[in-house]
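Dear colleague,

I am handing over the structure we spoke about, and below it you will find my notes on what was found. Please read them with the model open beside you.

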Amino acid sequence: VLVLNGPNLGRLGRRQPEYYGPTTPAQLAGLCDQWGRDLGLAVEVRQTNHEGELIDWLNAAADEGDPVVLNAGAAPVMRPLQDHTWDTFRTNWDVDVQQVFHWARAALRLPLPPGSTVVSLSSGAALRGSPLSGGYAGAKATVRFVSEYAAAESRRQGLGVRFLAVLPSLSPTTDLGTEAAAAYAAYQGADADAFVRAMGPL
(Lines give C-alpha, C1' and ligand atoms only; values in the text may rest on other atoms or scores of the structure.)
Protein backbone atom coordinates (compact mmCIF):
# COMPACT_ATOMS: atom_id res chain seq x y z
CA VAL A 1 0.00 0.00 0.00
CA LEU A 2 1.42 3.33 -1.08
CA VAL A 3 0.39 6.32 1.08
CA LEU A 4 1.14 9.58 -0.73
CA ASN A 5 1.08 12.95 1.00
CA GLY A 6 1.06 16.09 -1.11
CA PRO A 7 1.89 19.79 -0.66
CA ASN A 8 2.03 21.23 2.86
CA LEU A 9 1.36 17.92 4.60
CA GLY A 10 4.99 17.85 5.67
CA ARG A 11 4.06 20.64 8.09
CA LEU A 12 1.43 18.65 9.97
CA GLY A 13 1.89 19.02 13.69
CA ARG A 14 3.47 22.45 13.23
CA ARG A 15 0.95 24.30 11.05
CA GLN A 16 -1.98 25.42 13.22
CA PRO A 17 -2.08 22.28 15.37
CA GLU A 18 -5.21 23.60 17.09
CA TYR A 19 -7.07 22.94 13.81
CA TYR A 20 -5.07 20.25 12.04
CA GLY A 21 -3.93 18.32 15.11
CA PRO A 22 -0.55 17.80 16.77
CA THR A 23 0.35 14.55 14.99
CA THR A 24 3.52 14.85 12.92
CA PRO A 25 4.19 13.22 9.51
CA ALA A 26 6.62 10.80 11.14
CA GLN A 27 3.99 9.77 13.68
CA LEU A 28 1.38 9.31 10.94
CA ALA A 29 3.81 7.18 8.95
CA GLY A 30 4.37 5.04 12.03
CA LEU A 31 0.61 4.59 12.47
CA CYS A 32 0.20 3.61 8.82
CA ASP A 33 3.02 1.11 9.12
CA GLN A 34 1.47 -0.42 12.25
CA TRP A 35 -2.00 -0.66 10.69
CA GLY A 36 -0.46 -2.28 7.64
CA ARG A 37 1.36 -4.87 9.72
CA ASP A 38 -1.85 -5.61 11.63
CA LEU A 39 -3.55 -6.30 8.29
CA GLY A 40 -0.63 -8.18 6.78
CA LEU A 41 0.18 -5.38 4.32
CA ALA A 42 3.43 -3.65 3.47
CA VAL A 43 2.99 0.13 3.68
CA GLU A 44 5.21 2.81 2.16
CA VAL A 45 4.57 6.46 3.09
CA ARG A 46 5.87 9.32 0.92
CA GLN A 47 5.45 13.10 0.93
CA THR A 48 6.34 15.76 -1.62
CA ASN A 49 5.50 19.39 -2.32
CA HIS A 50 5.84 18.87 -6.07
CA GLU A 51 2.82 17.94 -8.19
CA GLY A 52 4.87 16.27 -10.93
CA GLU A 53 6.57 13.94 -8.47
CA LEU A 54 3.20 12.86 -7.10
CA ILE A 55 2.00 11.99 -10.57
CA ASP A 56 5.19 10.07 -11.31
CA TRP A 57 4.44 7.96 -8.24
CA LEU A 58 0.81 7.58 -9.33
CA ASN A 59 1.80 6.56 -12.85
CA ALA A 60 4.13 3.91 -11.47
CA ALA A 61 1.32 2.58 -9.25
CA ALA A 62 -1.15 2.66 -12.16
CA ASP A 63 1.25 0.70 -14.36
CA GLU A 64 1.16 -1.99 -11.70
CA GLY A 65 -2.67 -1.91 -11.67
CA ASP A 66 -3.01 -0.34 -8.24
CA PRO A 67 -6.05 1.89 -7.53
CA VAL A 68 -5.66 5.45 -6.28
CA VAL A 69 -7.82 6.50 -3.33
CA LEU A 70 -7.92 10.14 -2.19
CA ASN A 71 -8.65 9.92 1.51
CA ALA A 72 -7.16 13.03 3.07
CA GLY A 73 -9.48 14.93 5.34
CA ALA A 74 -9.65 17.00 8.49
CA ALA A 75 -11.86 16.14 11.44
CA PRO A 76 -14.47 18.90 11.69
CA VAL A 77 -14.84 20.93 14.87
CA MET A 78 -18.25 20.01 16.27
CA ARG A 79 -20.18 23.05 17.51
CA PRO A 80 -23.23 25.14 16.53
CA LEU A 81 -22.79 27.72 13.79
CA GLN A 82 -22.67 30.71 16.14
CA ASP A 83 -19.79 29.14 18.08
CA HIS A 84 -17.60 28.64 15.01
CA THR A 85 -14.92 31.04 13.84
CA TRP A 86 -14.05 31.27 10.17
CA ASP A 87 -10.89 29.28 10.91
CA THR A 88 -12.83 26.36 12.39
CA PHE A 89 -15.58 26.61 9.76
CA ARG A 90 -13.23 26.47 6.76
CA THR A 91 -10.93 23.64 7.89
CA ASN A 92 -12.43 21.03 5.54
CA TRP A 93 -12.23 23.43 2.60
CA ASP A 94 -8.52 23.88 3.28
CA VAL A 95 -7.86 20.14 3.51
CA ASP A 96 -10.54 17.95 1.89
CA VAL A 97 -11.38 20.15 -1.09
CA GLN A 98 -7.84 21.29 -1.72
CA GLN A 99 -6.38 17.80 -1.90
CA VAL A 100 -9.07 16.52 -4.29
CA PHE A 101 -8.67 19.58 -6.50
CA HIS A 102 -4.89 19.22 -6.75
CA TRP A 103 -4.97 15.47 -7.36
CA ALA A 104 -7.78 15.59 -9.92
CA ARG A 105 -6.11 18.49 -11.74
CA ALA A 106 -2.77 16.69 -11.86
CA ALA A 107 -4.37 13.40 -12.97
CA LEU A 108 -6.01 15.23 -15.90
CA ARG A 109 -3.07 17.39 -16.91
CA LEU A 110 -0.33 14.78 -17.13
CA PRO A 111 -2.53 12.52 -17.41
CA LEU A 112 -2.77 9.20 -15.58
CA PRO A 113 -2.64 6.17 -17.92
CA PRO A 114 -5.91 5.01 -19.53
CA GLY A 115 -7.76 2.57 -17.29
CA SER A 116 -6.69 4.33 -14.08
CA THR A 117 -9.30 4.93 -11.38
CA VAL A 118 -9.23 7.81 -8.89
CA VAL A 119 -11.55 7.41 -5.90
CA SER A 120 -12.37 10.42 -3.69
CA LEU A 121 -13.93 10.22 -0.24
CA SER A 122 -16.94 12.51 0.08
CA SER A 123 -19.61 11.98 2.77
CA GLY A 124 -23.30 11.35 3.20
CA ALA A 125 -23.31 14.80 4.80
CA ALA A 126 -22.91 16.17 1.28
CA LEU A 127 -26.52 15.13 0.67
CA ARG A 128 -28.07 15.77 4.07
CA GLY A 129 -26.02 18.56 5.63
CA SER A 130 -24.29 18.52 9.00
CA PRO A 131 -25.27 21.56 11.07
CA LEU A 132 -22.73 21.08 13.86
CA SER A 133 -19.65 20.59 11.70
CA GLY A 134 -19.14 23.99 10.11
CA GLY A 135 -18.18 23.83 6.46
CA TYR A 136 -17.79 20.03 6.44
CA ALA A 137 -20.95 19.18 4.47
CA GLY A 138 -20.33 21.89 1.88
CA ALA A 139 -16.72 20.85 1.48
CA LYS A 140 -17.69 17.21 1.03
CA ALA A 141 -20.32 18.20 -1.55
CA THR A 142 -17.58 20.04 -3.43
CA VAL A 143 -15.37 16.93 -3.29
CA ARG A 144 -18.19 15.10 -5.06
CA PHE A 145 -18.58 17.86 -7.64
CA VAL A 146 -14.83 18.00 -8.35
CA SER A 147 -14.83 14.25 -8.96
CA GLU A 148 -17.81 14.60 -11.33
CA TYR A 149 -16.17 17.52 -13.16
CA ALA A 150 -12.96 15.53 -13.55
CA ALA A 151 -14.88 12.51 -14.86
CA ALA A 152 -16.63 14.68 -17.44
CA GLU A 153 -13.34 16.22 -18.51
CA SER A 154 -11.74 12.79 -18.84
CA ARG A 155 -14.60 11.70 -21.10
CA ARG A 156 -14.38 14.91 -23.14
CA GLN A 157 -10.67 14.41 -23.76
CA GLY A 158 -10.94 10.65 -24.23
CA LEU A 159 -8.39 10.02 -21.45
CA GLY A 160 -9.90 6.77 -20.20
CA VAL A 161 -9.35 7.79 -16.54
CA ARG A 162 -12.27 7.09 -14.20
CA PHE A 163 -13.10 9.45 -11.32
CA LEU A 164 -15.45 8.21 -8.60
CA ALA A 165 -16.67 9.69 -5.32
CA VAL A 166 -18.05 7.60 -2.47
CA LEU A 167 -20.40 9.08 0.15
CA PRO A 168 -20.24 6.97 3.34
CA SER A 169 -22.78 7.62 6.09
CA LEU A 170 -21.94 8.58 9.65
CA SER A 171 -20.77 5.53 11.58
CA PRO A 172 -20.02 5.49 15.32
CA THR A 173 -17.57 2.66 14.65
CA THR A 174 -14.94 5.25 13.64
CA ASP A 175 -13.27 7.91 15.80
CA LEU A 176 -14.83 10.68 13.68
CA GLY A 177 -18.26 9.06 13.87
CA THR A 178 -18.04 8.52 17.62
CA GLU A 179 -17.22 12.20 18.19
CA ALA A 180 -19.97 13.35 15.85
CA ALA A 181 -22.59 11.06 17.37
CA ALA A 182 -21.70 12.26 20.87
CA ALA A 183 -21.90 15.91 19.74
CA TYR A 184 -25.32 15.46 18.10
CA ALA A 185 -26.64 13.51 21.08
CA ALA A 186 -25.57 16.30 23.44
CA TYR A 187 -27.04 18.92 21.09
CA GLN A 188 -30.39 17.11 21.16
CA GLY A 189 -30.24 16.45 24.90
CA ALA A 190 -30.16 12.70 24.29
CA ASP A 191 -28.08 9.87 25.68
CA ALA A 192 -25.22 9.02 23.31
CA ASP A 193 -25.93 5.26 23.34
CA ALA A 194 -29.63 5.89 22.68
CA PHE A 195 -28.73 8.21 19.83
CA VAL A 196 -26.52 5.54 18.24
CA ARG A 197 -29.23 2.88 18.62
CA ALA A 198 -31.72 5.21 16.92
CA MET A 199 -29.41 5.37 13.91
CA GLY A 200 -30.33 1.78 13.13
CA PRO A 201 -28.13 -1.14 12.03
CA LEU A 202 -24.51 -0.21 11.30
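In what order do the elements of the chain run from the N terminus on? They follow the pattern β-α-α-β-α-β-α-α-β-α-α-β-α-α, where helices (H or I, at least four residues) and strands (E, at least two) are DSSP runs numbered from the N terminus. That makes 9 helices and 5 strands in the chain.

Before the details, two notes on how to read the values. This is a predicted model, in which local features need pLDDT of at least 70 and side-chain atom pairs count only at pLDDT 80 or more, whereas totals for chains, interfaces and linings use all residues. Residues are numbered from 1 along each chain as its sequence is written, and side-chain values use heavy atoms, with hydrogens and water left out.

**The chain as a whole**

The radius of gyration of the chain is 18 Å, close to the 17 Å that the globule rule gives for 202 residues, so the chain is as compact as a globular protein of that length; the radius is taken over C-alpha atoms, and the rule is 2.2 Å times the number of residues to the power 0.38. Along its principal axes, the C-alpha trace spans about 50 × 40 × 35 Å. Of the 202 residues, 38% count as buried, which is to say under 20% relative accessible area, with exposed meaning over 50% and partly exposed in between (1.4 Å probe, protein chains only). Among the contacts (heavy atoms within 4.5 Å) in the chain with a separation of 6 or more, residues 24 or more positions apart account for 70%. The accessible surface comes to about 11,500 Å², and 55% of this belongs to carbon and sulfur atoms; the areas come from the Shrake-Rupley method with a 1.4 Å probe, and for residues only the protein chains shown count as cover.

**Salt bridges**

The structure holds 7 salt bridges, each being a side-chain nitrogen of Lys or Arg within 4 Å of a carboxyl oxygen of Asp or Glu. One of them pairs Asp87 with Arg90 at 2.7 Å, N to O. Asp87 has its place in helix α4 (residues 86–89) and is partly exposed, with a relative accessible area of 27%, while Arg90 counts as buried at 19% relative accessibility. Arg90 also forms a salt bridge with Asp94, their closest N and O atoms being 2.1 Å apart, and both Arg90 and Asp94 are buried.

Another salt bridge brings together the side chains of Lys140 and Asp96, again with an N to O distance of 2.7 Å. This pair links distant parts of the chain, since Lys140 lies in helix α7 (residues 136–157) and Asp96 in helix α5 (residues 91–109), 44 residues apart. Lys140 and Asp96 are both buried. As for shared partners, salt bridges join Asp87, Arg90 and Asp94 into one network.

How far is Asp96 buried, in terms of relative accessible area? The value for Asp96 is 1%. Leaving aside neighbours within four places in sequence, Asp96 is in contact with Ala72, Gly73, Ala74, Lys140 and Val143.

A cis peptide bond joins Leu110 and Pro111, with omega at about -20 degrees, and Pro111 lies in the loop between α5 and β4 (117–121). Pro168 is partly exposed, with a relative accessible area of 40%, and its contacts, apart from neighbours within four places in sequence, are Leu121, Ser122, Ser123 and Gly124. The C-alpha atoms of Pro168 and Ser123 are separated by 5.1 Å, although these residues are 45 residues apart along the chain.

In helix α9 (residues 192–198) you will find Val196, which counts as partly exposed at 23% relative accessibility. Not counting residues up to four places away in sequence, Val196 touches Pro172 and Ala181. From Val196 to Ala104, by contrast, the distance is 35 Å in space, C-alpha to C-alpha, and 92 residues in sequence.
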